[in-house]
Amino acid sequence: MSRTALRICPLCEATCGLTLTIEGTAVTGARGDRDDVFSQGFICPKGASFGAVDGDPDRLRTPLVRRDGELREATWEEAFDAVAAGIRPVVERHGPHAVGVVLGNPNVHTMAGALYPPVLLGALGTRSLFTASTVDQMPKHVSSGLLYGDAGAIPVPDLGRTGHLLLIGANPLESNGSLCTAPDFPGRLKALKARGGTLTVIDPRRTRTARLADRHIAIRPGTDALLLAATAHVLFEEELADVGELAPHLDGLDELRAALRDFTPDAVAPACDVDPEVPRLLARELAAAPTAAVYGRIGSCTVPHGTLASWLVDILNILTGNLDRPGGALFPQAATDRTPRPAGPGKGFALGRWHSRVSRHPEAKGELPISALAEEIDTATQDGEPIRALVAVAANPVLSAPDGDRLDKALGSLDFMVSVDPYLNETSRHADVVLPPPPPAQSPHHDFAFNALAIRNQVRYTRPAIPLEPGRMAETEILARLVLAVTGMHGAAPGAVDAMVIDQTLGRAVQDPHSPVHGRDPRELAAQLAGESGPERRLDLMLRLGPYGDGFGAREDGLTLEKLLAHPHGIDLGPLRPRLPQPLRTRTGKVELLPGPIAGDLPRLKRAMAERPAGLLLVGRRHLRSNNSWMHNIPALTGGTNRCTLHIHPEDAERLGVRDGASVRVKGAGGAVTAVAEVTDAVRRGVVSLPHGWGHDRPGTRLRHAAADPGVNVNQLLDGSLLDPLSGNAVLNGVPVELAPMA
């Protein structure tokens, strides 16, 4: 007999509400939850395939432990014994920095991935942290940190109220949005146009989003920051800049004007390969629009000037008075955010507090570039120990980071590696212990990260739709036990981790004069927490201390876990509202328009005005039925247009003798791959495109469907040397490549 259960979809950043159909212990169907307060019934192909993702037969069901060189099934006790025996000697002999931690993209899609890695890092004390952020969004974190003093203070476009939207390097009709959590992004763009608004897309490819736009500007890849700088220059030059009510919150406006003086439309146009009138038009339209928002994403982050491009996105919103304004770009307020503090100067944001051992890359937001992971393992120096052990949580850097071949070899040289992953994939196959989390239907869900990026304030929580199967272990317990095993507390009850966090959080809260529980007894407060588990008690704690919380009785109508559970479709907390100056944590207490690191990097951008790449430039691409490397083992999500082909413009194909459907060899600084050519005018001349996340052809994996059509690893064309210097983000777009037809 079938039943239904609610679940928030964890397969992309849109966080849509689902209604699952369940037969026994299997998910047999998924449809959009029409009563969900945020997504209101929207669903995409990934959400519709939830059952196939959840029930993939290649998902690991029991831990694997390496014995006599082979990974073999083991009990959970044996697995955590092996983790403790493998990690602790490395820490004790070589220090905590000899243990690297790699966190992959799926961490931000799970409740466990939000709650436990920070505890792991704090307890372990390692500085050798690498995450998917440095092949994705780190430039936005750095620019936000420098502008606002908080790397997590990222304004999002107010899609429902804006009258003019400028997208650069973003393709939300394929990605469903990123660093902007918005169910039914396509519908919201169509609604923008229906109410008379304007959509402009800047992208070297004519994407599905670009085809919807009123204007598509196909710039040369990698020149995003130049075009944005010229647009800001025009706002100053033509006296179009009007910061409006932002004026009291800004510092450095005159210095900003001077810094952008040389980025004239005529100076940048040749490098961008656009008409000089383009930045003038962009500036005039932004200034004239009653409300407008500029939004940049991965295409403008994964380029040589990614931090400058991300900074300039916000600068354009500021100069047109659209930052922190309805219809512009606003700062969301998640229910689990920290208790709001009074406005005023903060500690600010610092870069380069430490550096990588080999290439001396500066840290950003506590992370080192994932491009440097291989050299940090395989290269000896006199400056500290190499990484000898690795903890990888939901990460597949062999495919997601540059030069996977080198990293593949480096992982094989480690003294010990543990991987938390549901699959034996290109990275986890190197582990000495693999700890598989259960399928998503057997896990609770709350979006800690994405609610802080949502276009509407709301809060939702779903308990597991299906009980844990016998032999499975909850992902929250896996990560709690991992914390204990690597920090010398192996054997303690996993609930001790949650209890420790609760005690520490309440201990700080009762001493904080701005907290609603200031001066109260932390033990009495802890006794009031609700929830069936440690993670639920921690969620209740965060809700009650958060901006909408009851403050443990201080507000009668405040939010608690109990109240949230009474609203299974979520609680709407209202539209985004102006919040400045409260989010600012800069040392001045203002938006610092021209921070020192930004000013120091502008000469490099100025030199880029003289660059004219002669050959082909490589860019990536997204697909609606894919998400990085972790969807290719699901038959329903591959095939059709979701293929690993090389897009090439017809004129380039004719010039190079490339035929549609023929194999071509693509060569970059990191190596060469052979791909099938797809001749299309969806890319501009001089540009070729390969999707990210493919290359499932390495031995020792258990991804049967993915291996049958493996594609090629586009990141193998990169040698890892090209980075945005401020953020350490890998340069994945605008990379020179050579191409030749196969004989």
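Two residues are in contact when they have heavy atoms within 4.5 Å. Keep that in mind as you work through these exercises on a predicted model.

**Exercise 1. Find which residues phenylalanine 263 touches, leaving out residues up to four places away in sequence.**

Step 1. Start with the contacts: Phe263 touches Leu226, Ala229, Ala230, His233, Val268, Leu602, Leu605, Lys606 and Met609.

Step 2. Now look at the wider setting. Phe263 is among the residues with the most contacts inside the largest nonpolar core, which has 60 residues. Tyr148, Leu226, Leu260, Trp311, Ile315 and Ile318 are listed alongside Phe263.

Step 3. At least two residues each come from H6, strand S9 (164–168), helix H10 (224–237), helix H12 (265–272), helix H13 (277–288), H15 and helix H25 (596–607). H10 gives the most, with 10 residues.

**Exercise 2. Decide whether leucine 308 is buried or exposed, and find what it touches.**

Step 1. Locate the residue: Leu308 is found in helix H15.

Step 2. Check its relative accessible area, which is 0%. Buried means under 20%, so Leu308 is buried.

Step 3. List the contacts. Not counting residues up to four places away in sequence, Leu308 touches Ala225, Ile598, Asp601, Leu602 and Leu605.

Step 4. Pick out Leu602. Leu308 and Leu602 are 294 residues apart along the chain, yet their C-alpha atoms are separated by 7.8 Å.

**Exercise 3. Describe how helix H6 packs against helix H15.**

Step 1. Recall what is needed: two packed helices are described by the angle between their axes and the distance between the axes.

Step 2. Read off both values. The axes of H6 (residues 138–148) and H15 (residues 306–319) come within 8 Å and cross at roughly 50 degrees. That makes H6 oblique to H15.

Step 3. Sort the contact residues of H6 with H15 by class: eight are nonpolar, four polar and two charged.

Technical notes: Residues numbered from 1 in each chain as written. Predicted model: local features only at pLDDT ≥ 70, side-chain atom pairs only at ≥ 80, totals over all residues. Heavy atoms only, no water. Axes fitted to C-alpha atoms, helices over the stretch in contact; angles between N-to-C directions. Helix = DSSP H or I, 4+ residues; strand = E, 2+ residues; numbered from the N terminus. Parallel < 35°, antiparallel > 145°, perpendicular 65-115°, else oblique. Nonpolar A, V, L, I, M, F, W, Y, C, P; charged D, E, K, R; others polar. Core = buried A, V, L, I, M, F, W, Y, C linked by side-chain atoms within 4.5 Å. Buried < 20%, exposed > 50% of the residue type's maximum accessible area, 1.4 Å probe, protein only.
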